[in-house]
Amino acid sequence: MAAQNNLPDLLRVYYQRLFPYNDYYRWLSYGNGNLFSRREFSFTVQDDVYIRFQAFKNLNQLMTEMKRLNPHKIDIGAVYNVPPTEHKYETKFFPVEKELVFDIDMTDYDEVRTCCSGTDICNKCWKYMSIACKIIDAALREDFGFRHILWVFSGRRGVHCWVCDKKARSLNVSARSAVAEYLQLIRGGAYMKKKVKLPQKFHHSVERALEIIKPVFVPMCVEEQNMLGTEENMNKFLEIIHTEEDMRAEVKTLLHKYTTSKARWEAFDQYYTQQLQSNSKKWRTRHLIEEIMIQYSYPRLDIHVSKALNHLLKSPYCVHPKTTKVCVPFNPKTVDNFDPDTVPTIQTLLDEVDAYDAKELARQKEESIDVRRIRDYKKTSMNKSLHIFQEFLRNLEDSNRGEKIAQSDIKMEF
Ligand SMILES: [Zn+2]
């Protein structure tokens, strides 16, 4: 890839002219510079040299150091009890807070997606990310009451979710584990064929997830991903219902009576439902259809990332070193319209700035008006993501202000 060869040069321009330092600082300081100065940043610089425990006193130092070090990758860690740069001199050095984070990666969907595998993604498999985003976002808001949630494209094949409410940032490891495990329905590694077991009565969060999955399951999983379309895919499916040993042969014969994935699924659905209603056969589960739907589409979470307080996660507005795409925030409400293919690379952004400037210069000559100073990012397709980021920041700051007023009211009462 040509872009990779001159990546250091492109990054230099990106950090000089496009990186949104002000908003970035607004976010990570949460209205408190002291919090910012104790935050760990890790940089991967040229030749894959990895530097941990970086920290910056303020916005100015952050800007200066980022421009100087020109990181190929930026990871964000926890806020520590002392500035991480001093960790060698402190006998007691420990993380005190961090956003609650979720990492969802397309490679964990290789057992269910058939359009691509490994690091590849396309618009078809991006739909899994869309489902993941909707299910996790709804659960975080409705079941846990979180409000300040930032969703970010990871630059290549996944998404990151940053829960930034004060109460989320101060969760301890066991509380983080509890949230992560609550959201995890897919269990077991490659050797576990059936990965979902629902209880007799669904939890309301499962109910809600199914409402999100059901309308898209047939067009997306059954048809587009061809869930039952080939011999190999049918065998995978039959393995999932292996607990129903005596039924498996019957289902196999049934599936082979039809030729398309959709017809096979409909036949199976009908067959299973009829048997349940007539009680003619004893199925071990009454929710096999729902369990299959969840196994084929429910979010795969890397819950170790969510559980640990000191785990690092790639930063928003970092540039993915392989794709050179910018890790832009996106709106979970319109995640269906998000297209990873159209996310700008640094080169695109620089071209956009040049095109804008050339056009503006021509216009100014024509109308003989003064040069208008516009920030470079506003001339690019990065602007849209910044609107999303800034709206998130405004809501965060409003809550902060509300909390401060409430606190001072309490003080006045005493
Ligand atoms: Zn794909």
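Across the interface of domain 1 and domain 2 in this predicted model, seven residue pairs are found in polar contact, with both residues of each pair at pLDDT 80 or more. On the side of domain 1 that touches domain 2, the largest share, ten residues, is supplied by helix α6, which covers residues 123-142. Sorted by class, that side of domain 1 has ten nonpolar residues, one polar residue and seven charged residues.

**The two domains and their interface**

- The chain is divided into domain 1, made of residues 2-182 together with 301-413, and domain 2, made of residues 190-297.
- Between the C-alpha centres of domain 1 and domain 2 there is a distance of 38 Å, and the contact between these domains involves 18 residues of domain 1 and 17 residues of domain 2.
- Together, domain 1 and domain 2 bury about 1600 Å² between them, and 56% of this area lies on carbon and sulfur atoms.

**Salt bridges**

- Side chains of opposite charge can pair when their charged atoms come close.
- In the whole structure a search finds 28 salt bridges, and the count between domain 1 and domain 2 is four.
- Arginine 208 and glutamate 142 form a salt bridge in which the closest N and O atoms are 3.0 Å apart.
- A salt bridge also joins aspartate 23 to arginine 26, with the closest N and O atoms 3.0 Å apart, and both of these residues lie in helix α3 (residues 21-29), where they are three residues apart, or about one turn of the helix.

**The hairpin of β1 and β2**

- Strand β1 (residues 39-45) and strand β2 (residues 49-54) run antiparallel and are joined by four bridges, and the bridge partner of phenylalanine 41 is glutamine 54 in β2.
- Three residues lie between the strands of this hairpin, in which aspartate 47 takes a positive phi near 60°.

Note on methods
Residues are numbered from 1 along each chain as its sequence is written. This is a predicted model: local features need pLDDT of at least 70, side-chain atom pairs count only at pLDDT 80 or more; totals for chains, interfaces and linings use all residues. Side-chain values use heavy atoms; hydrogens and water are left out. Domain bounds come from an automatic or database domain assignment. Contact means heavy atoms within 4.5 Å. Buried area is the accessible area (1.4 Å probe) that two parts lose on being put together, summed over both. A salt bridge is a side-chain nitrogen of Lys or Arg within 4 Å of a carboxyl oxygen of Asp or Glu. A polar contact is a pair of N or O atoms within 3.5 Å; within protein, one must be able to donate a hydrogen and the other to accept it, and residues adjacent in sequence count only if both atoms are side-chain atoms. Helices (H or I, at least four residues) and strands (E, at least two) are DSSP runs, numbered from the N terminus. Ala, Val, Leu, Ile, Met, Phe, Trp, Tyr, Cys and Pro count as nonpolar, Asp, Glu, Lys and Arg as charged, and the others, Gly among them, as polar. Two strands pair if DSSP finds at least two bridges between them.
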